[in-house]
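Work through the exercises below with the sequence and the structure at hand. Each task is followed by a solution in steps.

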Amino acid sequence: MKSSGISLYRIITPVLFVTLLISAGLFVFDEFYLPAANRRQEALLSIIKDKPAQTFSRPDRQWISGQTNSAGEPTRIFYYQYFNAEKDSFDNLTVFEFDPATFNLHRRIFATSANWDPRVNNWVLINGWQRTFSGDSISTYQPFTVSTFPEIRELPTYFKKEYVPSQEMSYNELSAYIEDLKQSGFDTKRLSVQLDKKIAYPLITLVMAILAIPFALSMGKKGSLTGIATAIGLAITYYVVTLVFESLGNVNTLPAVLAAWTPDILFGITGAYLLLRTPT
């Protein structure tokens with residue numbers, strides 16, 4: 001085609017157009033199909049692994065049943081807005097205690113945050129209150145600044161799940177969830193990085209196409225195995241760079257936007273530079 005006088009840029013235009021369509025398709029797929037599929041997957045895995053009963057329809061509002069207690073002890077249900085699996089901490093935690101036979105509510109405990117303290121081997125609840133009930137009326141009300149409840153024996157591992165909550169939300173759902181947490185004063189660095197990645201990651205098909213074209217044209221007679229090895233090497237490099245910048249964003253070393261978009265920008269600029277240097 002080049003010997004016939006067709007410009008290189010005219011040759012690669014259909015390739016770039018197709019990869020742009022693929023990027024858009026990946027975003028639409030992630031927005032409308034994957035969240036529900038991931039929620040369904042986690043629900044099935046929970047049944048297979050015999051995990052405690054919990055909700056999956058609303059990743060931003062978690063309900064999970066407590067451990068089975070001995071006879072005479074109340075049953076517990078935990079409700080929380082966010083659980084940080086790395087720090088073993090809850091945001092906006094509510095514990096409901098009720099009689100499993102009659103389902104009458106005995107006590108409700110609320111805390112704006114709760115942290116696992118290995119020194120006391122218990123949850124430390126901060127800025128909250130507890131109410132006890134007698135039938136339909138409130139018996140007692142006790143606010144607290146810092147308190148522990150030894151009867152709550154569920155360990156942090158009890159609440160940990162393998163999935164990333166952002167995988168079970170669409171872009172709009174995750175954005176609303178982050179705003180809700182911000183208004184409550186909670187840390188949203190990790191979720192903000194994941195939000196920006198929902199747009200930045202699908203564009204990797206376009207970025208890789210821009211980067212691949214100069215390498216494809218420079219392979220010459222080096223053989224198909226060399227091209228395959230180069231492609232695998234570029235993919236691994238992109239994956240490692242993405243993990244590095246994502247980690248920097250998670251610890252607030254970089255803004256979430258830079259953490260998510262820098263790999264695309266770096267590889268896109270490199271590909272564009274090599275492409276512009278390629279003889280047409």
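Two residues are in contact when heavy atoms of theirs lie within 4.5 Å. The model is predicted.

**Exercise 1.** Find which residues glycine 268 touches, leaving out residues up to four places away in sequence.

Solution. Start by locating glycine 268, which is in helix 7. Its contacts, with that exclusion, are Val207 and Ile210. Now look at helix 5, which covers residues 204-218. Val207 and Ile210 are among the buried residues of helix 5. Helix 7 (256-277) is in turn one of the elements that cover the buried residues of helix 5.

**Exercise 2.** Decide whether glycine 268 is buried or exposed.

Solution. Buried means under 20% relative accessible area. Glycine 268 has 15% relative accessibility, so the residue counts as buried.

**Exercise 3.** Compare the span of helix 5 with the expected span, then locate its kink.

Solution. Helix 5 has 15 residues. From first C-alpha to last, helix 5 reaches 21 Å, close to the 21 Å expected at 1.5 Å a residue. The kink, of about 30 degrees, lies at alanine 212, shortly before proline 214.

Terms used
Residues are numbered from 1 along each chain as its sequence is written. This is a predicted model: local features need pLDDT of at least 70, side-chain atom pairs count only at pLDDT 80 or more; totals for chains, interfaces and linings use all residues. Side-chain values use heavy atoms; hydrogens and water are left out. Helices (H or I, at least four residues) and strands (E, at least two) are DSSP runs, numbered from the N terminus. The expected span of a helix is 1.5 Å times one less than its number of residues. The bend at a residue is the angle between axes fitted to the seven residues ending there and the seven starting there. Buried means under 20% relative accessible area, exposed over 50%, partly exposed in between (1.4 Å probe, protein chains only).
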